[in-house]
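Here are my notes after going through the model you sent over. Have the structure open while you read.

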Amino acid sequence: LMRQGDYFSGHHRVLASTYLTDVPFREIFAEIMGKRTATARGVSGCNHTCDLRKGGLGTSSSLGSDTGIAVGAALTCKLRGDKSLAIKEYGDATSSRGPVHEGMVLAASWQLPVFFVSTYNTFGISGDSRELLPTAHPTADRAKGYGMPSEVAQGNDILEIYEKASKLMDYIRETGKPAVLETVNYRWRGHFEGDQCAYRDEAEAEAARKNDGLAKFEKELLAKKVMTKKEIEAMKKEIADELDDAVKFGEESPAPTMEDVRVMMLAEEN
């Protein structure tokens, strides 16, 4: 759904979003491994992987604090007048942070083409969002206060997300005004690898894991005869091979030099 000229600011930890902006796995894995063949020459860390030449705006470690950057990018889109837009992704807990609301107020007041996409994870860090947040849909429910249209989609339904995102992005491109999409999900694992997840019901978590969106989508493709089982398996192998190649590329790439660190810290170009 993204087009040439669009901007994208993704989640802090979701590297798949970076891949969707056409950054190859090789550069992503090289950044994870701290190698100079990566998007930021291996000095940014995997959570900040992006390529501005492809519309990537990066992310802030202080979640939501970069909302104003996406809104600023949307102002660029408006001034260009080419129906491009900026996408800002964030989670349910981040939706309560001040910089997010400041960005939404500015986008609404200036009528800027921003697509606010919130992922409702059900859990933040050691807390249940259903107990911590004041509304069932912390982004979509609040959108009305900013005069923004909103949609809620199930995070494990790829087609529903596509249809509602397409509808809202068409609206943004046509009107130049912001809109909101909230996807409802259940985080399968803890906030970090050592998280014991003592704050949630394991039976509930196990039931959520069985409701896999990718598996559901695969069944739909087969049922509607869009793809065959053989074609799906071939695609999986192609992706696995691409990932193996990316890991090998990262392992064999050189480490960054002090000059790389200096250039990236000062936002200079070689």
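Predicted model: local features only at pLDDT ≥ 70, side-chain atom pairs only at ≥ 80, totals over all residues.

1. Everything below is computed from it.

2. Let's start with the empty space inside. Rolling a probe the size of a water molecule over the atoms shows where such space is left. Here the count comes to two cavities of 30 Å³ or more.

3. The largest cavity has a volume of about 140 Å³. It is lined by 20 residues, and the closest to its centre are Phe 8, Gly 10, Thr 18, Thr 49 and Cys 50. By type, the lining has 13 polar residues, six nonpolar and one charged.

4. The second largest cavity comes in at about 30 Å³. Around it sit Tyr 90, Ser 95, Val 100, His 101, Met 104, Pro 138, Thr 139 and Arg 142. Helix α4 (residues 98-109) gives the most to this lining, with three residues.

5. Now the backbone. Most residues other than glycine have a negative phi. Thr 122 has a positive one, near 75 degrees. You'll find Thr 122 in the loop between β3 (114-120) and α5 (129-132). Its relative accessibility is 6%, so Thr 122 counts as buried.

6. Cys 197 also deserves a look: its phi is positive, near 55 degrees. Cys 197 is in the loop between β5 (179-184) and α8 (202-210). With a relative accessible area of 14%, Cys 197 is buried, the cut-off being under 20%.

Note on methods
Residues numbered from 1 in each chain as written. Heavy atoms only, no water. Helix = DSSP H or I, 4+ residues; strand = E, 2+ residues; numbered from the N terminus. Buried < 20%, exposed > 50% of the residue type's maximum accessible area, 1.4 Å probe, protein only. 1 Å grid on protein atoms, 1.4 Å probe; cavity = no way out; pocket = protein on both sides within 12 Å on 5 of 7 lines; lining within 4 Å. Points joined across faces, edges and corners; volume = space filled by probe spheres on them. Nonpolar A, V, L, I, M, F, W, Y, C, P; charged D, E, K, R; others polar.
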